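Okay, everyone, thanks for coming.

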Amino acid sequence: EECEPPEEPDCPDCQVCDTGRPEELTLKYHAIGVNSAYQPESKASCRAGTYPEVTEITVEGETIEVSDGDVFTIKPQHGQFSAETDFHFDNAADMNCFIHTSCSVPIVPEDQIGPFEVIGDKDCPVDEDKCINAEVGTDPVTGETSITVKLNYENLDESRDWADNCDNRDDNCPGFDLTPSASDWIGFYPCSEKDTSPAFAVEPDFWSYTCYNGMCRDDEEPVASGTVVFKDSTLPLWGRQGIHKSISQVQEEGGGCYVVLLNKMQGYSPAPYYNLCMGNEFNIPGASSSG
């Protein structure tokens with residue numbers, strides 16, 4: 001069936017259901033569940049909320065032990081998926097829920113349905129070659145929301161996945177230097193900013209340099225690869241105050257779909273800034289669903 005999601009986000013380029021009901025489905029388990037952008041509550045009872053960090057789930061006749069962040073694949077027990085695929089939490093029966101798998105509503109890679117993020121199927125895999133990727137989680141000690149960012153952009157080329165938001169008066173874009181610099185930075189934007197012209201022509205909601213821990217724009221060595229964990233308790237003040245927001249403020253405003261960008265500090269008349277590469281879309285849970 002044709003994609004009919006809410007006004008945001010737009011219909012994706014690839015859906016698991018493009019070739020009919022999937023023969024298998026690869027999912028990623030998250031202890032913090034969010035509401036699907038494509039499957040309404042009438043179609044999927046797996047919703048936003050706090051789920052067990054470690055649990056056993058029985059689905060399609062198979063029991064699987066999962067922890068926060070684990071990826072697993074399910075296959076239909078009787079030849080093809082039913083309209084609803086049920087997930088039974090063996091140590092938390094009140095969490096039992098279902099997602100829709102008959103393809104009357106979309107199954108979209110990177111969409112999260114309750115605790116289950118759709119990774120894809122054999123016909124519609126998620127692009128794993130992004131130079132930056134963000135994943136929402138929870139700090140196991142403080143309980144605050146964290147966003148883990150993995151980046152590797154040491155060898156970018158012009159064919160990379162990026163936000164082509166050049167000003168038509170700018171002779172340097174595209175074609176600006178892709179060499180990593182200490183002043184490069186990670187920014188988080190509402191997904192709706194992808195659809196403006198030019199795209200991302202505003203300041204990010206929150207951000208930091210790739211070094212994360214300080215004002216390192218003048219350092220000699222750039223941080224071009226590694227893992228950075230964004231949390232309000234560690235994010236520099238200048239990345240979450242003034243015209244910017246804290247993660248908790250984003251959650252208090254309802255959360256929603258966000259996209260992570262890796263940017264240069266330069267631009268024709270920033271914002272927008274020169275974009276090194278565009279990462280994934282993901283959901284930041286609202287305060288009522290973040291635990």
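So, is K28 buried or exposed? K28 counts as buried, at 15% relative accessibility; by buried I mean under 20% relative accessible area, by exposed over 50%, and partly exposed is in between, with a 1.4 Å probe and protein chains only.

Quick housekeeping. This is a predicted model, so local features need pLDDT of at least 70, side-chain atom pairs count only at pLDDT 80 or more, and totals for chains, interfaces and linings use all residues. Residues are numbered from 1 along each chain as its sequence is written, and side-chain values use heavy atoms, with hydrogens and water left out.

Back to K28. Its side chain meets that of E135 in a salt bridge, 2.3 Å from N to O. The cut-off there is a side-chain nitrogen of Lys or Arg within 4 Å of a carboxyl oxygen of Asp or Glu. The pair links distant parts of the chain: K28 sits in strand β1, residues 25-34, and E135 in strand β9, residues 132-138, 107 residues apart. Strands here are DSSP runs of E, at least two residues, and helices are runs of H or I, at least four, all numbered from the N terminus. E135 is partly exposed, at 25%.

How many salt bridges does a search of the whole structure find? Nine. Another one joins K264 and D184, with the closest N and O atoms 3.2 Å apart. Here K264 is in the loop between β14 and β15, and D184 in the loop between β10 (145-152) and β11, 80 residues apart. K264 is buried at 7%, and D184 is buried at 0%.

Then there's K245 with D205, at 3.9 Å between the closest N and O atoms. K245 lies in the loop between β13 and α1 (247-252) and D205 in the loop between β11 and β12, so this pair ties together parts 40 residues apart in sequence. D205, K245 and E253 are linked in a salt-bridge network.

Now the backbone. Most residues other than glycine have a negative phi, and most peptide bonds are trans. What about the bond from S197 to P198? That one is cis, omega near 0°, and P198 is in the loop between β11 (185-190) and β12 (206-209). The bond from P270 to A271 is cis too, with omega near -5°.

Last item, positive phi: E110 has about 80° and is partly exposed at 22%, whereas Y212 is near 70° and buried at 5%.
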